[in-house]
Amino acid sequence: MSSLNVLYCCDDNYAPYANVSIYSLLKNNKNFDIVNIYVILDNVSENNKLMMMKQIELYQANFIPIDAEEIVKEIVELGLPRYRNSYATYFRLFLEHIIDSKVEKLLYLDCDTIVCGSLLSIMESDMGEFCMYVVQESLADRYKDIIGMSYDEPYFNAGVLLINLKNWWKYDCKTKIIQHIKKAGNKYCCHDQDLLNIVLKDYVCFISPRYNLQPIHRLLNARDYKTIYNIKSYYSEKEIEFARSNPVILHTYRFLGEFPWHKNSRHPDTGIFDDYLKESTQSNYIKKRQQVGIMIKVEKILYLLLPRKWFFKLFKMVHEWSFRRQSQLIAKEMGKDH
């Protein structure tokens, strides 16, 4: 029998968006015999839990809610530092609190994803000795040297992870990550993503970007993207164009300071997000305008005025500067603590 086991983590703010993602997954994956949706709930309201449960039960899938409280207790006992005043970034590391020991593969999805194709082939693939299947981050480029990675090393986006649980336990991945956290503290800009890249880089296999298609690939064709970013060891133009034409998972992370669920958003995935939103149990959701700072307002104006290639050349420069500045600030704060 074919089975699909999926994990989400959300607080009350992100629960509606997780539910839209869940709906898209269920709608496009009716060919599995068993579907289990695990959701780590961090202070999620009863109403949002009910909306999620109704959504999942409509497709005769199994809703497995996990209260974050027990996980938080263990995190505190381990003495792990908070990140942005929250422990949520660590939740997906504590799989023993979540997943039945008989489960072989677990697909972790961020709340800001839309599943627009079948997952059957990837779920039935042989992962060999790898712990995770991952997709490269499209905006990493020079960021890698900030966190101590080689410019030639591929860096993955942690919003979509197919985890081989047998190997996760075998190679004791959780312990490796926790040991590194205790040693390094909060020195990374993209905390959990950076940690996974640094600690588990020898345990991952990079797969097609169609399984985590990021906003920039919805906005730039492969040739323009390669010209502007020129990331070493990245996907070929052919691989990028195939993913653009045949996406399985869209990762709708922030663009121009907004997500697709914001009112009047210019996010490239707004249209497809709205289609799934209207069909889901979140159909009564009222979009709100996102409040943004002066830099994002300037970015929006430039996006409207400049030719797209010019805009992204400038966007790349600002993006790299922003990460370097964040890294310097973090280093400064860590220096105060020691």
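## Loops with positive phi

Helices are DSSP runs of H or I with at least four residues, numbered from the N terminus. Asparagine 230 sits in the loop between α10 (222-229) and α11 (237-245). This is a predicted model.

The phi of asparagine 230 is near 45°, a positive value in a residue other than glycine. Asparagine 230 counts as exposed, because its relative accessibility is 54% and the limit for exposed is over 50%. Aspartate 172 also is not a glycine, and has a positive phi of about 50°. Aspartate 172 belongs to the loop between α6 (165-170) and α7 (173-184). With 37% relative accessibility, aspartate 172 is classed as partly exposed.

## Helix α1 and its partners

Helix α1 (residues 15-27) meets helix α12 (residues 270-279) with axes that come within 9 Å and cross at roughly 90°. That angle makes α1 roughly perpendicular to α12. On the α1 side, the contact uses Tyr17, Val20, Tyr23, Ser24 and Lys27. On the α12 side, Phe273, Tyr276, Leu277 and Glu279 take part. By class, the residues of this contact are 6 nonpolar, 1 polar and 2 charged.

Helix α2 (residues 46-58) also packs on α1, at an angle of about 0° and with the axes 10 Å apart. The two helices α1 and α2 are therefore roughly parallel. From α1 come Ala15, Pro16, Ala18, Asn19, Ile22, Tyr23 and Leu26. From α2 come Asn48, Met51, Met52, Gln55 and Ile56. This contact has 9 nonpolar residues, 3 polar and no charged. Tyr23 of α1 is listed in the contact with α12 and in the contact with α2.

## Cysteines

How many disulfides does the model hold? The count is 0. Cysteine 9 is in no disulfide, and its nearest cysteine sulfur, that of cysteine 111, is 7.5 Å away. Cysteine 9 is buried, at 16% relative accessible area.

A disulfide needs sulfur atoms within 2.5 Å. Cysteine 111 is buried too, with a relative accessible area of 8%.

## Asparagine 164

Strand β7 (residues 156-164) contains asparagine 164. Is asparagine 164 buried or exposed? Its relative accessible area is 8%, so asparagine 164 is buried.

A polar atom of the asparagine 164 side chain lies 3.5 Å from the backbone oxygen of phenylalanine 130. Neighbours within four places in sequence aside, asparagine 164 is in contact with Glu104, Met127, Gly128, Phe130 and Cys131.

## Glutamate 299

Glutamate 299 lies in helix α13 (residues 294-305). Which class does its accessibility give? At 15% relative accessibility, glutamate 299 counts as buried, because the limit for buried is under 20%.

Residues up to four places away in sequence are not counted here: glutamate 299 touches Leu256, Phe311, Phe315 and Val318. The C-alpha atoms of glutamate 299 and leucine 4 are separated by 40 Å, and the two residues are 295 residues apart along the chain.

Definitions and conventions: Residues are numbered from 1 along each chain as its sequence is written. This is a predicted model: local features need pLDDT of at least 70, side-chain atom pairs count only at pLDDT 80 or more; totals for chains, interfaces and linings use all residues. Side-chain values use heavy atoms; hydrogens and water are left out. Buried means under 20% relative accessible area, exposed over 50%, partly exposed in between (1.4 Å probe, protein chains only). A polar contact is a pair of N or O atoms within 3.5 Å; within protein, one must be able to donate a hydrogen and the other to accept it, and residues adjacent in sequence count only if both atoms are side-chain atoms. Contact means heavy atoms within 4.5 Å. Axes are lines fitted to C-alpha atoms, for helices over the stretch in contact, and angles run from 0 to 180 degrees between N-to-C directions. Angles under 35 degrees count as roughly parallel, over 145 as roughly antiparallel, 65 to 115 as roughly perpendicular and the rest as oblique. Ala, Val, Leu, Ile, Met, Phe, Trp, Tyr, Cys and Pro count as nonpolar, Asp, Glu, Lys and Arg as charged, and the others, Gly among them, as polar.
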